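Hi there,

Here is the structure I promised to send over. Have a look at it first, and my notes follow below.

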Amino acid sequence: MTGTWVSALTAKAEAETPAGGFGERIAENQRRVFQIALSILGNSADAEDVAQEAFLRAYQKFDTLREAEKFRSWVNRIVFRLALNRKRGHKRRLARDTEWQVVETMTTVDGAKEAEQQVMLGRLRREIERLPKKLRSVLLLSLVEEMDATDVGAVLGIPPGTVRSRLHTARKLLLEGMQ
Amino acid sequence: MKSACEKWKDQLLEAALTGARSKEFELHLRNCKSCAAELRELEAIREHQDALLPLLVRGSQPSPDFRTRVLAAAAATEGEPNRAPRWRVWALAGATVAAATVFLVQRSAVRKDEAEELAAAQKLVDWRPPSDSLLKTPGQEILKTTPKLGDSYLHVPVNKLEEE
């Protein structure tokens, strides 16, 4: 019953409002937007929350974001900033550990339960958190699907060449840290 | 790693990461078992990282009803007036308070200035030079009075002793 109502409402939102086509934009971008939030926050619940907020903000500005490319780059930037703000909020409140949730991460490893891999993933997360902020942002955004150096640079406001050089430095430090 | 091999540390990391090796470094690796072993170890870690890093984010996606939920939330905001962001409301309130404070402070400062100016003017009017008292003549009191008809300004009381 509720599902029917929501479907009807969403169909109406898409077809009748000036925001027609918004649903299509969500479908095109949701995976990447969610992954950007996840890369920063490290847990799905917060990442989904932040991704939803980013899309709702995009909805408010949809009149100026109708072009697919414009929408994509705008929503990438906004979700990154929202995720960083959320993370800062968590740190301030000290309510949640800023470390990545290894248990959750393991669910994405196709059920692999090897203790060594779990330990390595946890260690990897900690090493990433230790990286300087500029390097960490580049590394995490580069992990997101469909994000090349140009996309990462657009989010961070730096040229693609700088993205590549920071990524290289980040990998070097990560390698040294894990030695 | 031997302390003598510290200078190769960066090249070891570069080689493990990109595979690039200078001729000099290649020569060193042939002669230094310690560095060769360390390079192998670093390469193994790098391979492990290459496999693990994508697992942190890639492949993950939002829940299946994510799009529906966002659209429903967007539709729910449809009827709402286009509210200004919270920071803008607070900024406006702050600016209003600041403007009111400045106005009141200025007003009270103007009032204070006016009162001070008035007091200064009054003081100026009341001010007498100290030499005024020196310029007083003994007969000033007499000169200030108006004699009755038939009297004279020069009616000065005479000391009885002097008369005797």
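Asp113(B), Glu114(B), Glu116(B) and Glu117(B) form a negative surface patch. For patches, residues need over 30% relative accessible area and no salt bridge, with like charges joined within 9 Å and nonpolar side chains (Val, Leu, Ile, Met, Phe, Trp, Tyr) within 5 Å. Asp and Glu count as negative and Lys and Arg as positive, while His and the chain ends are not counted. Each charge is placed at NZ of Lys, CZ of Arg, CG of Asp or CD of Glu. Exposed means over 50% relative accessible area, buried under 20%, and partly exposed in between (1.4 Å probe, protein chains only). The areas come from the Shrake-Rupley method with a 1.4 Å probe, and for residues only the protein chains shown count as cover.

Please keep in mind that this is a predicted model, in which local features need pLDDT of at least 70 and side-chain atom pairs count only at pLDDT 80 or more, while totals for chains, interfaces and linings use all residues. Residues are numbered from 1 along each chain as its sequence is written, chains are lettered from A and ligands numbered from 1 in the order in which they are written, and side-chain values use heavy atoms, with hydrogens and water left out.

Now the two chains. Chain A has 9 helices and 0 strands, and 51% of its 179 residues count as buried. Chain B has 7 helices and 0 strands, and buried residues make up 20% of its 164 residues. Helices (H or I, at least four residues) and strands (E, at least two) are DSSP runs, numbered from the N terminus.

Two of the helices were checked for length. The expected span is 1.5 Å times one less than the number of residues. Helix H3 (residues 44–60) of chain A has 17 residues and should span 24 Å, which agrees with the 24 Å between its end C-alpha atoms. Among the buried residues of H3(A) are Asp46(A), Glu48(A), Phe55(A) and Tyr59(A). In H4(B), the buried residues include Phe66(B), Val70(B) and Leu71(B).

On to the salt bridges: how many does a search of the whole structure find over all chains? The search gives 20, where a salt bridge is a side-chain nitrogen of Lys or Arg within 4 Å of a carboxyl oxygen of Asp or Glu.

One of them pairs Glu145(A) with Arg31(A), with 3.0 Å between the closest N and O atoms. Glu145(A) sits in the loop between helix H7 (133–143) and helix H8 (149–156) of chain A and Arg31(A) in helix H2 (residues 22–41) of chain A, so this pair ties together parts that are 114 residues apart in sequence. Arg31(A) is partly exposed, at 27% relative accessible area.

Asp151(A) and Arg72(A) also meet in a salt bridge, at 2.7 Å from N to O. Because Asp151(A) lies in helix H8 of chain A and Arg72(A) in helix H4 (residues 68–93) of chain A, the pair ties together parts 79 residues apart in sequence. Asp151(A) is buried at 16% relative accessibility, and Arg72(A) is buried with a relative accessible area of 16%. These two belong to a network of salt bridges that links Arg32(A), Glu69(A), Arg72(A), Glu146(A) and Asp151(A).

Glu146(A) deserves a look of its own. This residue has a positive phi of about 65° although it is not a glycine. Glu146(A) is placed in the loop between H7 and H8 of chain A and counts as partly exposed, at 48% relative accessibility.

Which residue of chain B does Arg171(A) form a salt bridge with? The partner is Asp50(B), and the closest N and O atoms are 2.7 Å apart. Arg171(A) lies in helix H9 (residues 160–178) of chain A and Asp50(B) in helix H3 (residues 33–57) of chain B, so this pair joins two chains. Arg171(A) is buried, at 16% relative accessible area, whereas Asp50(B) is partly exposed at 33%.

Best wishes
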